[in-house]
Amino acid sequence: MPLTAAKPAPGYGALLLRGLLAGLVAGLLAGCFAYAVGEPKVDAAIAIEEANAHATPGSDHHDEELVSRDGQKGGLFLATGLYGAAMGGLLATAYTLLRRRLRTPSDTRAALSLAGAALLGIVLIPYVKYPPNPPAVGNPATIDQRTISYLAILVLGLVAVWASVVAARTQRAEWRQALAAATAFLIVVTVGYTLLPTVDEVPDTFPADLLWDFRLASLGTQVLLWTALGLAFAALLNARRTPATQPDHEKVTSG
């Protein structure tokens with residue numbers, strides 16, 4: 001019989017606060033990365049866009065900006081912070097709903113597994129099919145189609161992750177679990193990639209190195225956000241397990 005009562009598990013409200021805090025921290029870290037690595041690429045792309053506008057006869061390039069570039073750069077941290085907090089809330093909700101179904105006694109592994117699954121389904125799968133483009137790339141007339149396609153690829157990514165987990169649990173041997181998970185994942189992703197339309201609106205004159213650097217910076221921002229979010233949420237989960245009181249037998253010994 002334990003000498004001290006076990007500390008009760010936190011409720012959803014406490015987990016949600018931990019997720020929001022972890023997401024806010026992760027979002028601000030991602031904002032710093034995006035500011036240092038991504039914003040110079042955006043400035044270069046905007047310069048190309050403005051140069052093309054000046055070179056086009058009859059184009060009107062004197063429209064006043066709704067938000068200046070300095071304002072956009074300052075708002076970057078607000079945007080990534082809010083996005084990170086929202087993703088942290090979703091991670092905490094997923095943890096609350098799925099914790100008992102995760103076959104691991106470790107809270108750290110559970111939190112990191114969920115964050116890794118989100119990174120794979122929400123970021124990496126859409127990134128391969130529809131990588132982000134900087135300013136001066138993209139046809140405004142196709143924005144509705146591109147939005148619908150991107151939402152569809154988000155759903156596809158989550159379905160692919162879910163299918164891999166379900167397939168893995170149909171097997172007992174570890175190597176069969178890995179094989180079943182990979183097979184189910186690849187089938188769903190391949191079918192989805194085939195059915196969804198291909199979007200390639202990059203002008204031939206746009207610098208390939210700038211496009212590549214921008215996409216790498218965008219991917220790095222997301223990877224940093226979800227990695228930091230998973231680690232921070234796991235750390236906050238483990239912090240609650242610190243014993244608040246010393247066991248009675250240790251008090252007697254020390255006395």
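1. Start with the lining of the second largest pocket: by class it has 14 nonpolar, four polar and five charged residues. Here Ala, Val, Leu, Ile, Met, Phe, Trp, Tyr, Cys and Pro count as nonpolar, Asp, Glu, Lys and Arg as charged, and the others, Gly among them, as polar. Bear in mind that this is a predicted model, where local features need pLDDT of at least 70 and side-chain atom pairs count only at pLDDT 80 or more, while totals for chains, interfaces and linings use all residues. Numbering runs from 1 along each chain as its sequence is written, and side-chain values use heavy atoms, with hydrogens and water left out.

2. That second largest pocket has a volume of about 610 Å³. Its lining comes to 23 residues, with Tyr130, Pro131, Pro132, Asn133 and Tyr150 nearest the centre. H3, H4 and H6 are the elements giving two or more residues to this lining. A pocket is an open set of points on a 1 Å grid over the protein atoms alone where a 1.4 Å probe fits, with protein on both sides within 12 Å along at least five of seven lines; lining residues have an atom within 4 Å of a point. Points are joined across faces, edges and corners, and the volume is the space filled by probe spheres set on them.

3. The largest pocket has a volume of about 1100 Å³. It is lined by 29 residues, and Leu98, Leu114, Ala117, Val161 and Val165 lie nearest its centre. H3 gives the most to this lining, with eight residues. By class, the lining has 21 nonpolar, four polar and four charged residues. Helices here are DSSP runs (H or I, at least four residues), numbered from the N terminus.

4. On to the aromatics: the count comes to two pairs. Rings of Phe, Tyr and Trp (its six-membered ring) pair if their centres lie within 6.5 Å; planes under 30 degrees apart are stacked, over 60 edge-to-face, the rest tilted. Tyrosine 35 and phenylalanine 77 have ring centres 5.6 Å apart and planes at 35°, so they make a tilted pair. This pair links helix H1 (residues 12–55) to helix H2 (residues 69–98), 42 residues apart. Tyrosine 35 is partly exposed at 40% relative accessibility, and phenylalanine 77 is partly exposed at 26%. (Buried is under 20% relative accessible area, exposed over 50%, partly exposed in between, with a 1.4 Å probe and protein chains only.)

5. Tyrosine 95 and phenylalanine 233 form an edge-to-face pair, 5.6 Å centre to centre with 85° between the planes. Both residues are buried.
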